[in-house]
Amino acid sequence: MLQPERWTPDGLRYKLRGVLKIQKQQLGDVLEVTLSGAIDERVDLETEIGPLHGPLHVNCKEIVQINSAGVKMWIKYFEDLSKAGTKLKFLECTPPVVEQLNLIRNFIPGGVVESVHIPLSCSQCGKSFLVVISVEKLR
């Protein structure tokens, strides 16, 4: 069975494998997590990320897909964190994340989007690529 093609951080497409990988790094009182892969019904962010004792920065630079079950789980997880007083920041949101931000009002409840990936293509050479841009520069 063929898997759908999705954007990778370098703007190329690849066959989705349906696995979410989470890398965690503690930077002072901030926990920064980098999410890679697909967010779907198999993902349990609460278990994977663990307990928090300060702000959470979520780097979304390698998220390639979010399905409806993944959206539901995502909103519940981040809504619970926000209600508990956790400061949330989202960085390098890929096109699948930006699509959900545009469709769903509370996709990042109580959080701040710092930067997004914007897909561009060159009309001269035909190559496609992603550019990271600060949300502040878009305002």
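Two strands count as paired if DSSP finds at least two bridges between them.

I noted before going on that this is a predicted model, in which local features need pLDDT of at least 70 and side-chain atom pairs count only at pLDDT 80 or more, while totals for chains, interfaces and linings use all residues. Residues are numbered from 1 along each chain as its sequence is written, and side-chain values use heavy atoms, with hydrogens and water left out.

E3 and E4 make a hairpin with two residues between them, and Gly28 in the turn has a positive phi of about 65°.

On E4 itself, I found eight bridges to strand E5 (residues 56-66), with the two strands running parallel, and Ser36 standing opposite Glu62 in E5. Because nine of the ten residues of E4 (residues 30-39) are buried, this strand is largely enclosed by the rest of the structure; buried means under 20% relative accessible area, with a 1.4 Å probe and protein chains only.

For the whole protein chain, I recorded four helices and nine strands, and buried residues make up 40% of its 139 residues. Of the contacts (heavy atoms within 4.5 Å) between residues at least 6 apart in sequence, 55% join residues at least 24 apart.

How values were computed
Buried < 20%, exposed > 50% of the residue type's maximum accessible area, 1.4 Å probe, protein only.
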